[in-house]
Amino acid sequence: MQCNQEPMAKKFSRTRSLRELCALRQSFAVRVLPRVNRPVVAVLSMAICWAFIGLSQVSCYSQEVGAAKEASEEADPSIGYVPKSPRELQRTLTKMQYDVTQNAATEPAFKNRYWNNKRDGVYRCVVCSLPLFESETKFKSGTGWPSFFKPLGKKNVSTKTDYILFYPRTEVHCGRCKAHLGHVFDDGPQPTGKRYCMNSASLQFVAKPAGDEGQSDKTSGRTSGE
Ligand SMILES: [Zn+2]
């Protein structure tokens with residue numbers, strides 16, 4: 001009980017300090033504030049507010065930069081890549097491959113190279129050969145286009161919104177050469193729930209090097225199950 005009580009001298013001292021502080025504040029309010037021009041006070045208040053807002057924005061920016069740095073830890077495949085000229089692309093690609101990868105065309109459903117390809121292997125970009133998808137993530141979507149539930153790496157593909165059909169769709173590009181690949185939708189299977197609906201014309205399938213599957217379809221000229 002005794003321990004909770006403040007000594008009288010200390011309590012008196014604290015009360016006195018509070019009284020002095022109140023007196024000082026009143027003196028400031030009475031003597032100083034009336035001399036200060038009100039617009040000046042308004043400007044100073046605004047400046048203090050903007051300073052606080054600026055500091056909070058700097059803080060948000062720092063967090064975004066930190067997040068961006070974390071995301072960029074994975075190597076960007078486009079760094080150091082030298083884009084091929086239109087002439088070179090026209091020389092090395094078929095007309096369909098050129099139209100799909102360079103002009104965002106769409107090849108016919110069920111009448112394309114890989115929609116029903118069931119072999120094990122990797123699907124590379126037909127323009128720059130960057131590995132994009134694995135056969136383990138390919139699934140039967142019933143759409144007539146090769147469909148995957150996730151790309152091989154986070155930065156192997158990039159996306160942007162297009163309005164070609166007058167409603168927003170998420171267009172998918174090669175992460176290195178920016179070739180158009182297809183679109184991604186949110187109606188895919190787990191574990192991602194994504195459906196990467198790709199054009200066969202933008203892909204080059206390379207079979208796993210095991211037994212008769214050791215050669216790419218480019219070498220053999222066909223894929224099974226088509
Ligand atoms: Zn590419």
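Predicted model: local features only at pLDDT ≥ 70, side-chain atom pairs only at ≥ 80, totals over all residues.
**Entry 1: Lys178**

I started at Lys178, which counts as partly exposed because it has 18 C-beta neighbours inside 10 Å. Residues are numbered from 1 along each chain as its sequence is written.

Lys178 sits in the loop between strand S6 (169-174) and S7. Helices (H or I, at least four residues) and strands (E, at least two) are DSSP runs, numbered from the N terminus. I looked up the backbone of Lys178 too: phi is near 70 degrees, a positive value in a residue other than glycine. Most residues other than glycine have a negative phi, and most peptide bonds are trans.

Where is Phe110? I found Phe110 in the loop between H4 and S1. Phe110 is not a glycine, yet its phi is positive, about 65 degrees. I put Phe110 down as exposed because 10 other C-beta atoms lie within 10 Å.

Next I checked a peptide bond: the one from Gln190 to Pro191 is cis, with omega near 15 degrees. Pro191 belongs to the loop between strand S7 (180-185) and strand S8 (195-198).

**Entry 2: Ala105**

Ala105 is in the loop between helix H4 (95-103) and strand S1 (121-125). Buried or exposed, or partly exposed? I got partly exposed for Ala105, because there are 16 C-beta neighbours inside 10 Å.

Leaving out residues up to four places away in sequence, Ala105 touches Asp99 and Val100; contact here means C-beta atoms, placed from the backbone, within 7 Å. I also looked at Ala105 against His180: they are 75 residues apart along the chain, and their C-alpha atoms are separated by 8.4 Å.

**Entry 3: the sheet**

I traced an open sheet of six strands, in the order S3-S4-S8-S7-S6-S5, with antiparallel pairing. Which strands stand at the edges? They are strand S3 (138-139) and strand S5 (157-162), each with a single partner strand, so one side of each has no neighbour in the sheet.

Two strands pair if DSSP finds at least two bridges between them. Phe148 stands opposite Tyr196 in S8.

Methods: Buried ≥ 20, exposed ≤ 12 C-beta atoms within 10 Å, placed from the backbone. Contact = placed C-beta atoms within 7 Å.
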